[in-house]
Amino acid sequence: AISYSSNGSQIITYENEDGDKGYINKWNATTGKLESSLYAPQAGLYNQAFSFDMTRMATIGGTEGTVWNIETGEELFKLLGHTDQISSVAFSRDGTR
């Protein structure tokens with residue numbers, strides 16, 4: 001899956017490394033340059049999304065999700081408790097959810 005930031009300046013892609021885990025890559029959408037790469041120990045990611053204020057990123061894979069700080073790559077928290085596969089993720093426009 002590929003996600004564009006709300007202002008079109010960045011792109012997130014997922015690179016599968018060994019079948020279950022891989023890297024979340026953040027690209028400059030204007031230059032095409034890789035800005036950062038974050039190891040994602042989740043089982044294969046299905047989707048990702050930027051927050052509208054561009055400070056957070058959510059990723060989902062299997063039955064869990066993770067919210068990350070875009071600048072530092074720090075994992076902020078997990079989205080746990082789903083009993084079935086999660087297929088999409090999004091932030092509310094105001095950033096509260």
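Visitor: How does the radius of gyration of the chain sit with that of a compact globule?
Guide: In this predicted model, the chain has a radius of gyration of 13 Å, which agrees with the value near 13 Å that a compact globule of 97 residues would have.

Visitor: And what box do the C-alpha atoms fill?
Guide: Taken along the principal axes, the C-alpha atoms of the chain fill a box of roughly 40 × 35 × 20 Å.

Visitor: What is the chain built from, helices or strands?
Guide: The chain has eight strands and zero helices, so the order of its elements from the N terminus reads β-β-β-β-β-β-β-β.

Visitor: How much of the chain counts as buried?
Guide: Of its 97 residues, 40% count as buried, while the accessible surface of the chain comes to about 5700 Å², with 50% of that belonging to carbon and sulfur atoms.

Visitor: Changing topic, what volume does the largest pocket have?
Guide: Its volume is about 170 Å³, and the lining is made of 15 residues, with V67, L79, A90, F91 and R97 lying nearest the centre of the pocket.

Visitor: Which elements give two or more residues to that lining?
Guide: Those are β6, which spans 56-61, and β8, which spans 75-79; β6 gives the most, with three residues.

Visitor: How do the lining residues divide into nonpolar, polar and charged?
Guide: Nine residues of the lining of the largest pocket are nonpolar, four are polar and two are charged.

Key. Residues are numbered from 1 along each chain as its sequence is written. This is a predicted model: local features need pLDDT of at least 70, side-chain atom pairs count only at pLDDT 80 or more; totals for chains, interfaces and linings use all residues. Side-chain values use heavy atoms; hydrogens and water are left out. On a 1 Å grid over the protein atoms alone, a cavity is a set of points where a 1.4 Å probe fits but cannot get out, and a pocket is an open set with protein on both sides within 12 Å along at least five of seven lines; lining residues have an atom within 4 Å of a point. Grid points are joined across faces, edges and corners, and a volume is the space filled by probe spheres set on the points. Helices (H or I, at least four residues) and strands (E, at least two) are DSSP runs, numbered from the N terminus. Ala, Val, Leu, Ile, Met, Phe, Trp, Tyr, Cys and Pro count as nonpolar, Asp, Glu, Lys and Arg as charged, and the others, Gly among them, as polar. The radius of gyration is taken over C-alpha atoms; the globule rule is 2.2 Å times the number of residues to the power 0.38. Buried means under 20% relative accessible area, exposed over 50%, partly exposed in between (1.4 Å probe, protein chains only). Accessible areas come from the Shrake-Rupley method with a 1.4 Å probe; for residues, only the protein chains shown count as cover.
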